[in-house]
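Colleague: Please take me through the pockets, the cores and the charged pairs in this file.

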Amino acid sequence: MLIIGGGDDASLRKVTKYKSIEKIIMVEIDEKVVKACCQYLPNHSRDDFRDPRVSLQISDGVNFVNSCSDKFDVIVDYPDPIGPGVRLFSFEFYRGC
């Protein structure tokens, strides 16, 4: 499973409930988002990042999918099509997926 974005832990929290998922990679462009959510939204951002199946990658999602050789059964992404997330609506991103 690959999650692009999701620094607030909303997607990750849902995904970690499924014990059948063996590997979860979450790619977040801004480490500050993850840290701020863990600090200021403790009821929202739980210990999901500590799940042994989770690998948090601080990277641009487009660059990640274009350089990653792993194959994923599911790719989840819920960005707004503005700001840094606009690249996740590009041909370059979908080609990498």
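Modeller: The questions below go through these topics in turn.

Colleague: What kind of model is this, and how are residues numbered?
Modeller: This is a predicted model, in which local features need pLDDT of at least 70, side-chain atom pairs count only at pLDDT 80 or more, and totals for chains, interfaces and linings use all residues. Side-chain values use heavy atoms, with hydrogens and water left out, and residues are numbered along each chain as its sequence is written, from 1.

Colleague: What is the volume of the largest pocket, and which residues lie nearest its centre?
Modeller: A pocket is an open set of points on a 1 Å grid over the protein atoms alone, where a 1.4 Å probe fits, with protein on both sides within 12 Å along at least five of seven lines; lining residues have an atom within 4 Å of a point. The volume, the space filled by probe spheres set on the points, which are joined across faces, edges and corners, is about 490 Å³ for the largest pocket. Of its 25 lining residues, those nearest the centre are G5, G6, E28, P79 and L88.

Colleague: How many residues of the lining of the second largest pocket are charged?
Modeller: The second largest pocket holds about 170 Å³ of space, and its lining consists of M1, I21, E22, K23, D70, K71, F72, D73 and V74. Asp, Glu, Lys and Arg count as charged; Ala, Val, Leu, Ile, Met, Phe, Trp, Tyr, Cys and Pro as nonpolar; the others, Gly among them, as polar. By these classes the lining has 4 nonpolar residues, no polar ones, and a charged count of 5.

Colleague: Which residues make up the largest nonpolar core?
Modeller: In soluble globular proteins, nonpolar side chains tend to be buried together. A nonpolar core is a set of buried Ala, Val, Leu, Ile, Met, Phe, Trp, Tyr and Cys residues joined through side-chain atoms within 4.5 Å. The largest one has 11 residues: M1, I3, L12, V15, I21, I24, M26, V34, F49, V54 and V76.

Colleague: Is V34 buried or exposed?
Modeller: V34 lies in helix α2 (residues 31-40), where helices are DSSP runs of H or I with at least four residues and strands are runs of E with at least two, numbered from the N terminus. Not counting residues up to four places away in sequence, V34 is in contact (heavy atoms within 4.5 Å) with G7, M26, E28, F49 and L56. Buried means under 20% relative accessible area, exposed over 50%, and partly exposed in between, with a 1.4 Å probe and protein chains only. Because the relative accessible area of V34 is 6%, V34 is buried.

Colleague: Which residue forms a salt bridge with K35?
Modeller: A salt bridge is a side-chain nitrogen of Lys or Arg within 4 Å of a carboxyl oxygen of Asp or Glu. The closest N and O atoms are 3.8 Å apart, and the partner is E31.

Colleague: Which residues are linked in a network of salt bridges?
Modeller: The side chains of D60 and R87 meet in a salt bridge at 2.9 Å, N to O. This pair links distant parts of the chain, with D60 in the loop between β3 (54-58) and α3 and R87 in the loop between β4 and α4. R87 also forms a salt bridge with E92, the closest N and O atoms being 3.5 Å apart. The network is D60, R87 and E92.
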